[in-house]
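Please look at the sequence and the three-dimensional structure shown below. The explanation that follows leads through them step by step.

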Amino acid sequence: MNILWLQSAGCGGCTMSLLCAESPGVFDILGDAGLRFLWHPALSTETGGEVRRLLAEVEAGRTALDILCVEGSILTGPRGTGRFQMLSGTGRSMLDWVQSLAPLAKHVVAVGTCATYGGVTSAGGNPADAVGLQYDGSRPGGALGAGFRSRSGLPVVNVAGCPTHPDWVTETLLLIAAGALGAGDLDSLGRPLFYAENLVHHACPKNEFYEFKASAEKPGQLGCMMEHLGCVGTQAVGDCNIRGWNGGSSCTRAGYACINCTAPEFEEPNHPFSETPKIAGIPVGLPSDMPKAWFMALASLSKAATPRRLSENATSDRTRITPTIRERKP
């Protein structure tokens with residue numbers, strides 16, 4: 001199957017992340033599944049006239065386009081022309097190319113949160129009118145429109161993340177190659193369920209601190225980061241702590257709060273990423289499927305029952321008190 005990969009408005013971080021796929025590497029895993037790049041702007045050797053001829057062949061239908069991957073948001077400004085971002089040497093905007101090629105593709109995959117929902121490139125007033133392929137933030141629409149369907153009958157497959165996990169991209173492409181990705185395998189925002197049916201909270205190494213509401217107060221401390229340091233892992237979809245990144249780490253394993261980068265409009269939470277907004281001392285970002293009254297009642301009980309080991313370790317940068325070894329009674 002042929003993959004055409006376009007890099008639109010973004011940092012290229014999702015490609016950098018993809019190259020971190022290991023055991024096997026990205027080229028091995030895709031090649032073994034019969035997937036090959038027609039062209040990737042950062043990884044392919046073709047340039048200039050070679051690429052223009054390739055695009056012309058695809059657009060004319062003489063070269064099959066099985067999967068169109070787009071990384072980065074689509075700039076629609078000024079005034080809907082898309083001419084804030086031109087595909088170099090073609091005289092045409094990236095918006096024009098995407099709208100022309102997407103209906104020809106059997107599958108369309110948006111790689112990263114910029115391509116899915118607009119992401120970081122749409123922040124700060126969005127002067128360039130950046131949108132995702134099929135969403136403008138959390139609203140259906142985007143560059144292709146809410147009703148777009150690829151030749152397979154699927155909407156855009158939104159592999160959201162900033163950057164996206166390399167395994168999320170390769171697993172999505174492998175499922176497509178195997179004919180095993182259908183509409184029922186996507187959530188309501190078009191994200192593949194194999195990672196979106198999990199929360200970042202699942203398998204977080206700070207879960208014991210979370211259960212007893214033993215909270216870190218400053219960056220670098222061991223405790224749960226939800227109460228004071230802005231972590232929203234209890235609301236964010238992703239299996240980051242289950243499959244791990246780059247050999248097994250993750251944001252929360254490294255001591256940084258989850259900022260929900262797989263969600264629309266994560267880039268503008270209306271508060272600093274590393275601070276938890278509160279009303280009357282109560283965190284606003286409570287677990288999405290728990291009533292606030294129940295959470296507060298459980299939090300009070302948990303704090304009252306917090307073991308000394310957890311309360312002291314929570315505000316330390318290393319383990320000060322180790323677990324108690326209980327002796328067996330005769």
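Within the largest nonpolar core, which has 38 residues, Ile67, Cys69, Val109 and Leu173 touch the most other members. A nonpolar core is a set of buried Ala, Val, Leu, Ile, Met, Phe, Trp, Tyr and Cys residues joined through side-chain atoms within 4.5 Å. Buried means under 20% relative accessible area, exposed means over 50%, and partly exposed lies in between (1.4 Å probe, protein chains only). The elements that give two or more residues to this core are S1, H1 (13–18), H2 (26–32), S3 (67–71), S7 (107–111), S11 (157–159), H6 (166–177) and H7 (193–196). Here H marks a helix and S a strand; both are DSSP runs, helices (H or I) of at least four residues and strands (E) of at least two, numbered from the N terminus. Helix H6 gives the most to this core, with four residues. Apart from this core lies another, of 29 residues, among them Trp39, Leu54, Leu68 and Ala110.

This is a predicted model, in which local features need pLDDT of at least 70 and side-chain atom pairs count only at pLDDT 80 or more, whereas totals for chains, interfaces and linings use all residues. Residues are numbered from 1 along each chain as its sequence is written, and side-chain values use heavy atoms, with hydrogens and water left out.

Leaving aside neighbours within four places in sequence, cysteine 69 is in contact (heavy atoms within 4.5 Å) with Ile3, Leu4, Trp5, Leu6, Val109, Val111 and Leu173.

The next element is helix H3 (48–59). At 1.5 Å a residue, its twelve residues should span 16 Å, and the end C-alpha atoms are 17 Å apart, which agrees; the expected span is 1.5 Å times one less than the number of residues. The buried residues of H3 are Val51, Leu54, Leu55 and Val58. Seen down the helix axis, these buried residues fall within an arc of 95°, so they line one face of H3; the arc is that of the directions from the helix axis to the C-beta atoms. Their cover includes strands S1 (2–7), S2 and S5 (86–87) and helix H4 (94–101). Just after H3, glycine 61 takes a positive phi of about 85°.

Alanine 42 is found in the loop between strand S2 (36–39) and helix H3. With a relative accessible area of 49%, alanine 42 is partly exposed. Not counting residues up to four places away in sequence, alanine 42 touches Gln7 and Thr15.
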